[in-house]
Amino acid sequence: MTGIRKVLAAVFAGLALTLLSAAPAVAQADKLKLAVAGDGAEGVTIQATYADGRRLDKVVRLVLTATGPDGQKVGPVQLEPQPEGQGFYSSGPVLTAGTWKVTVDSPAPLPGKATATVQASAAQSPPAPKPVAVNKPADGGSGAGAGWWPFAAAGLVLVAVAMGVAMLFGRRRTT
């Protein structure tokens with residue numbers, strides 16, 4: 001019986017080692033890695049992934065809080081997923097101009113937390129289009145291709161005159 005006991009002990013030890021080595025990977029997959037950055041204006045963007053680097057395949061609840069210049073506070077603001085990609089979240093314009101310390105939390109079942117310093121600035125409108133200058137050629141001509149229409153008009157007049165003449169002579173022959 002001692003041989004069977006040794007085999008069973010080895011099987012149980014191998015099973016225990018397998019389960020213990022897999023446990024950290026499972027625990028790590030239950031955490032989020034959050035990358036927080038400014039959006040270039042008055043908002044914040046967040047990219048959420050699993051701690052092991054895999055893309056997030058489900059919607060999670062993210063909550064933003066921020067402390068700004070002069071002790072201003074924003075939040076808690078619940079963030080909604082955006083259509084730009086899996087795990088991409090955006091706050092929209094919630095900050096005012098200045099330097100903000102932004103914290104994003106994800107509660108259980110997928111906990112995660114990240115803090116970043118974000119420089120918010122007022123949103124800018126696109127620059128007004130510059131007027132396009134229209135210059136005439138220096139030789140005084142009307143430009144390339146602009147002199148074709150008188151020839152076309154003259155050709156149409158000649159065709160009309162030729163048809164009129166043909167109609168006149170055609171009537172004289174039949175009478």
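Analyst: Start with Thr45. Thr45 counts as buried, because its relative accessibility is 18% and the label applies under 20%. Keep in mind that this is a predicted model.

User: Where does Thr45 lie?

Analyst: Thr45 lies in strand β2, residues 44-50.

User: What does Thr45 touch, leaving out residues up to four places away in sequence?

Analyst: Its contacts include Ala35, Val36, Ala37, Gly38 and Asp39. Phe88, Tyr89 and Ser90 are also among them. A contact here needs heavy atoms within 4.5 Å.

User: Why is Asp70 called exposed?

Analyst: The relative accessible area of Asp70 is 81%. Exposed means over 50%. Asp70 is therefore exposed, at 81%.

User: Where is Asp70, and what is its phi?

Analyst: Asp70 sits in the loop between β3 and β4. Its phi is near 60°, a positive value in a residue other than glycine.

User: How do you know that β3 and β4 pair?

Analyst: Pairing takes at least two bridges. Strand β3 (residues 62-67) and strand β4 (residues 73-81) have five bridges, so they pair, in the antiparallel sense. Thr67 stands opposite Lys73 in β4. The two strands form a hairpin with five residues between them, and Asp70 is in the turn.

User: What makes β4 and β5 a pair?

Analyst: Two bridges join β4 to strand β5, residues 88-90. The rule asks for at least two, so two bridges are enough for β4 and β5 to count as paired. These strands run antiparallel. Glu80 stands opposite Ser90 in β5.

User: Which residue takes a positive phi in the hairpin of β4 and β5?

Analyst: Gly87 does, with phi near 75°. That hairpin has six residues between the strands.

User: How many helices and strands are in the chain, and how do the elements run?

Analyst: The chain has two helices and seven strands. From the N terminus on, the order is α-β-β-β-β-β-β-β-α.

User: What share of the chain counts as buried?

Analyst: Of its 175 residues, 21% count as buried. The accessible surface of the chain comes to about 12800 Å². Carbon and sulfur atoms account for 64% of that surface.

User: What share of the contacts between residues at least 6 apart in sequence join residues at least 24 apart?

Analyst: That share is 55%.

Notes
Residues are numbered from 1 along each chain as its sequence is written. This is a predicted model: local features need pLDDT of at least 70, side-chain atom pairs count only at pLDDT 80 or more; totals for chains, interfaces and linings use all residues. Side-chain values use heavy atoms; hydrogens and water are left out. Helices (H or I, at least four residues) and strands (E, at least two) are DSSP runs, numbered from the N terminus. Buried means under 20% relative accessible area, exposed over 50%, partly exposed in between (1.4 Å probe, protein chains only). Accessible areas come from the Shrake-Rupley method with a 1.4 Å probe; for residues, only the protein chains shown count as cover.
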